Amino acid sequence: MAAFRTGIVCVGLRNCALNLMKFSVSLIPRRVVKLPAAIRKNWFSLTAVSGGLCAVPFAVRQEGLSHESLIRRASSLVTDSTNTFLSQTTLALVDSWTQYIKAINTIVTLHRNYVSSASRLTPAEEEAVWQVIIRQREEIKGLREDCKKFESNWMMAKGLSELAAETAFNAGADQACVTAKGSLQVAMAHVEQTRQLSLEAENNLKESNADNSQRVTLPAAMETGEDDDIPDAYLRED
């Protein structure tokens, strides 16, 4: 009997504890809801601001270093990064222009030889040479698009380098400023030199008409393979 009473008491205490927990939990949102509107607004604003501040990677100031010296160090790191970006974009642009110039020189020479010797080629040889010219034209179009893309990247790198040099100068990082300006001058010199070569190549391409000329029409006798009846006028080089 005593054991039965003890079990009843334990069950009652457990139920009471559970009811108290449910009641406590049910009170929590009610208390939050009953907060004044001004307090709730300030509390949410503070939460948003604190979350934003935690997302910014603040560096702890080292003992013995002023804020000015830390800013100079940071500006030097910025110039190093922009110099690397400028160097890579300059290399890509100069290389793309070099390949573009080579392709133009190739098609100009090939087209000149094709026009001058088409009358002496067999139909099969003429077809093979003409297909090479067509492929070369397509390659030039692709290289021209690459040059435009890399030139856009280089212009962006140039602007960032100029801004980084100005920032370093304002921060008192004189050596970083001088290095950034020197790298920028070297890059601009290389780009300008290669740009002039590409312009000359494009002028040669335009003058040769190799980019949009029509296929040479062979005499009917050559197309049928009757070489013996070809007049001397077709065989003579102008």
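Is Trp130 buried or exposed, and what is its relative accessible area? Trp130 is buried, at 9%; here buried means under 20% relative accessible area, exposed means over 50%, and partly exposed is what lies in between (1.4 Å probe, protein chains only). Before the close-ups, a quick note: this is a predicted model, where local features need pLDDT of at least 70 and side-chain atom pairs count only at pLDDT 80 or more, while totals for chains, interfaces and linings use all residues. Residues are numbered from 1 along each chain as its sequence is written, and side-chain values use heavy atoms, leaving out hydrogens and water.

**View 1. The whole chain, helix by helix.** You'll find 7 helices and 0 strands here; both are DSSP runs numbered from the N terminus, with helices (H or I) at least four residues and strands (E) at least two. Of the 238 residues in the protein chain, 24% are buried. The accessible surface is about 16,900 Å², and carbon and sulfur atoms hold 60% of that; such areas come from the Shrake-Rupley method with a 1.4 Å probe, and for residues only the protein chains shown count as cover. Now for contacts, meaning heavy atoms within 4.5 Å: among those with a separation of 6 or more, 81% join residues 24 or more positions apart.

**View 2. Inside the largest nonpolar core.** This core has 24 residues, and Tyr100, Ile104 and Ile107 have the most contacts inside it. A nonpolar core is a set of buried Ala, Val, Leu, Ile, Met, Phe, Trp, Tyr and Cys residues joined through side-chain atoms within 4.5 Å. Zoom in on Ile104 and, not counting residues up to four places away in sequence, you'll see it touch Ile140, Ala201, Glu202 and Leu205.

**View 3. The aromatic pair.** Search the whole structure and you get 1 aromatic pair. Its partners are Tyr114 and Trp130, tilted at 35 degrees between the planes and 5.6 Å centre to centre. To pair, rings of Phe, Tyr and Trp (its six-membered ring) need centres within 6.5 Å; planes under 30 degrees apart are stacked, over 60 edge-to-face, and the rest tilted. Tyr114 sits in H3 and Trp130 in H4, 16 residues apart, so the pair links distant parts of the chain. Tyr114 is buried, with a relative accessible area of 1%.

View 4. Val129, in helix H4, is partly exposed at 22% relative accessibility. Leaving out residues up to four places away in sequence, Val129 touches Leu110, Tyr114 and Leu121. Ser213 belongs to the loop between H5 and H6 and is buried at 9%. Skip its neighbours within four places, and Ser213 is in contact with His111, Trp130 and Arg137.

**View 5. A residue with a positive phi.** Most residues other than glycine have a negative phi. Asn209 isn't a glycine, yet its phi is positive, at about 60 degrees. Look for Asn209 in the loop between H5 and helix H6 (220-223), where Asn209 is partly exposed at 35% relative accessibility.
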